[in-house]
Amino acid sequence: MNSSFEYQESLNSLHFTEEEKAAIARRAAEAARKQTRPARRPVRRIALIAAAAVLVLAVGTAGATGILRSAAEVFSPLFGGAPAQTEIIDKIGYPVGASDTDNGVTVTADAVMGDAYNAVIVYTISRDDGTRLLPEDITGEMLLVHGNGTDLSILGGSHGSSYFVVEDPAASSIQMVETVSADKPINDCTATGVFENLYKWDEEAGEAVPIIEGKWRLKFEMTYEDSSVTLSGGETFTQDGMTFTIDSITLSPVAYKVDYTVDSEVVWSNSGSGRQSEEDRLTTQRYFENVEILLTLTDGTVIDLSNAGGSIGPEDGVTVCSKGEVFSEVLPMEDMASISVGGVVYDLTAE
């Protein structure tokens, strides 16, 4: 599995002190720089500041192993159930149904959807005998899971996040949603989900305590339709004393990806302190966080996409960057009016 993805998923599933988080990020970045090709530093702000985001929603879950649910049934409650959204999900979603059972608990990959570079996978965790899955007094925000997450068989970098969806704490099943974004196409590869134990975070003890033990490994194909479009690049903008060239923008109803090149090679301080230095923090802002990405819908709504994950990599005197992630809901392409990167506006309504 890609080393950067492993460390990001670990940060998603565990709580650490700020010192521990910084040390893990530093070790991963140092390991990446030892690779033979130019290193790309993964950037995932959510992974560094929060463990597992949890949504408590009224969402149906699979009642038994072996039931293949439609993509619309899986994704519509999570990513929008309006007719236009459901139509898109029906078209690009792919039901999976792969599962693995251990210690009376089954983990099932229900469905996957995405585009060339981004995907979202919904898993169900259920107790086979139909009894309550979670112990009493366990709230959704306390849940953690270990393991490598979803490993994609690609030769490239990736980042992602995961969260739990709990309909009823007393139910026999819950859902886990995992998003993955990569710098190589992923819509025709083999995925392997690896999970170990379900934990609760004990604030008083300051540690993760197992509440359900087991090891689950399931393999499935990422066979879904890529509905993305790629906008031509070459446009430039300047900020922070540097010139940014937009290489390409990939946009779909479920996600986006923006690739750009900066005319200055990024240099990291490598302070070795275990913390991100102030110099490195400001460097990341200049090359990555300060690059504004705005999506404007036809009804006038503006969605700020700037705070996305991605990567930064020095390469022959320049810096190659990529930002992108899965939307929080399905957005029909006909509802998109324009997307702007660093102030450069691309009209999405022109034929």
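Helices (H or I, at least four residues) and strands (E, at least two) are DSSP runs numbered from the N terminus.

Before the tour, two notes on the numbers. Residues are numbered from 1 along each chain as its sequence is written, and side-chain values use heavy atoms, leaving out hydrogens and water. As this is a predicted model, local features need pLDDT of at least 70 and side-chain atom pairs count only at pLDDT 80 or more, while totals for chains, interfaces and linings use all residues.

**Helix H5**

- Which residues of helix H5 are buried? In this helix, residues 83-92, they are Gln85, Thr86, Ile88, Ile89 and Ile92 (buried means under 20% relative accessible area, exposed over 50% and partly exposed in between, with a 1.4 Å probe and protein chains only).
- These residues lie on the same side of H5, because they cover an arc of only 160° around the axis; the arc is that of the directions from the helix axis to the C-beta atoms.
- Their packing partners are helix H4 (71-79), strand S3 (94-102) and strand S4 (105-114), where contact means heavy atoms within 4.5 Å.
- Turned away from the buried side is a face with the exposed residues Pro83, Glu87 and Lys91.

**Other salt bridges**

- How many salt bridges are there by this rule? The count comes to five.
- Side chains of opposite charge can pair when their charged atoms come close.
- Arg281 and Glu278 form one of the salt bridges, at 2.4 Å from N to O.
- Both Arg281 and Glu278 belong to helix H6 (residues 278-289), three residues apart, or about one turn of the helix.
- Each of the two counts as partly exposed, Arg281 at 32% relative accessibility and Glu278 at 45%.
- Elsewhere, salt bridges with shared partners join Arg69, Glu73 and Asp110 into one network.
- Arg69 is buried, with a relative accessible area of 5%, whereas Glu73 is partly exposed at 43%.

**Asp259 in strand S14**

- Is Asp259 buried or exposed? This residue of strand S14 (residues 255-262) has 14% relative accessibility and therefore counts as buried.
- Its side chain makes a polar contact of 2.9 Å with the side chain of Ser322 (a pair of N or O atoms within 3.5 Å; within protein, one must be able to donate a hydrogen and the other to accept it, and residues adjacent in sequence count only if both atoms are side-chain atoms).
- Leaving aside residues up to four places away in sequence, Asp259 touches Thr245, Ile246, Asp247, Ser248, Cys321 and Ser322.

**Pro77 in helix H4**

- Pro77 has its place in helix H4 and counts as partly exposed, at 39% relative accessibility.
- Although Pro77 and Glu329 are 252 residues apart along the chain, their C-alpha atoms are separated by 10.0 Å.

Technical notes:
Salt bridge = Lys/Arg side-chain N within 4 Å of Asp/Glu carboxyl O.
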